[in-house]
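Student: I would like to go through the side-chain interactions of this protein one by one. Please show me the sequence and the structure before we start.

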Amino acid sequence: MAAVLDFIFLCYFITHIPISIFVDAQVLLPKWIFPTKVVELKAWYCSEFKDTMMIDPPAWFRTFVYCEFIFQFPFFIVAIYAFIKGIKNCSWIRTPMIVYSAHVATTTAAICFHIMYNDFSKSKPKGPTTQLERQALLMFYFPYLLIPMLMLTNFIFRADIKTKEKTQ
């Protein structure tokens with residue numbers, strides 16, 4: 001089971017890099033920096049799924065994105081290295097992985113609660129108002145809650161890493 005989870009986590013980190021660069025960075029940087037197709041993709045996504053956080057990000061959301069680039073993005077590369085080399089060969093990754101996954105699960109939980117319970121009726125741009133619209137938007141964020149929670153649980157209780165750390 002550990003090998004399957006390691007593969008899922010590796011894919012998560014690999015796919016997170018282009019998403020961070022081409023989508024999430026649009027929250028912080030001017031549009032002219034990005035290829036037209038990427039800007040159009042974000043515009044379509046925001047319009048189709050009514051993601052007001054990406055259109056007109058509140059200060060707390062911008063803070064989460066800054067944290068993504070300052071702390072998480074460099075960690076993506078470190079984590080990819082550890083998964084490719086083999087987690088059993090990189091027992092040092094356990095604590096950083098616990099910190100990373102707890103941080104991401106916490107911030108994404110706040111985003112998910114905002115999506116489900118915020119009153120978007122008076123917001124401009126128009127946010128999700130029906131339960132179905134909220135669930136559709138939530139499905140984009142939910143993997144970034146679920147996978148870090150799995151990661152956190154995995155690295156807290158993973159015996160093959162714990163044992164190796166204790167013997168060093």
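What follows is a set of questions and answers on salt bridges, ring pairs and a helix.

Tutor: This is a predicted model, in which local features need pLDDT of at least 70, side-chain atom pairs count only at pLDDT 80 or more, and totals for chains, interfaces and linings use all residues. Residues are numbered from 1 along each chain as its sequence is written, and side-chain values use heavy atoms, with hydrogens and water left out.

Student: How many salt bridges does the count come to?

Tutor: A salt bridge here is a side-chain nitrogen of Lys or Arg within 4 Å of a carboxyl oxygen of Asp or Glu. By this rule the count comes to four.

Student: Which residue forms a salt bridge with Asp 6?

Tutor: Asp 6 is in helix α1 (residues 2-22), and its partner is 152 residues apart from it, in the loop between α7 and α8 (159-167). Helices are DSSP runs of H or I with at least four residues, and they are numbered from the N terminus. Both residues of the pair are buried, where buried means under 20% relative accessible area, exposed means over 50% and partly exposed is in between (1.4 Å probe, protein chains only). The closest N and O atoms are 2.6 Å apart, and the partner is Arg 158.

Student: Which residues do salt bridges that share partners join into one network?

Tutor: The side chains of Arg 158 and Asp 160 also meet in a salt bridge, at 2.9 Å from N to O. Arg 158 has a relative accessible area of 6% and is therefore buried, while Asp 160, at 25%, is partly exposed. The network consists of Asp 6, Arg 158 and Asp 160.

Student: What separates Glu 40 and Lys 37 in helix α2?

Tutor: The two form a salt bridge, with the closest N and O atoms 3.9 Å apart. Glu 40 is partly exposed at 42%, and Lys 37 is exposed at 66%. Because they are three residues apart in helix α2, the separation is about one helical turn.

Student: Is the pair of Tyr 45 and Phe 140 stacked or edge-to-face?

Tutor: Rings of Phe, Tyr and Trp (its six-membered ring) pair if their centres lie within 6.5 Å; planes under 30 degrees apart count as stacked, over 60 as edge-to-face and the rest as tilted. A search of the whole structure finds 21 aromatic pairs. In this one the centres are 4.9 Å apart and the planes are at 70 degrees, so the pair is edge-to-face.

Student: Where do Tyr 45 and Phe 140 lie?

Tutor: Tyr 45 is buried, at 11% relative accessibility, and Phe 140 is partly exposed, at 37%. They are 95 residues apart, with Tyr 45 in helix α2 (residues 36-49) and Phe 140 in helix α6 (residues 131-141).

Student: Over the ring of which residue does the charged end of Arg 158 sit?

Tutor: A charge sits over a ring if NZ of Lys or CZ of Arg is within 6 Å of the ring centre and within 35 degrees of the ring normal. The residue in question is one of the buried residues of α7. The charged end of Arg 158 is 5.7 Å from the centre of its ring, and the residue is Phe 155.

Notes: Helices (H or I, at least four residues) and strands (E, at least two) are DSSP runs, numbered from the N terminus.
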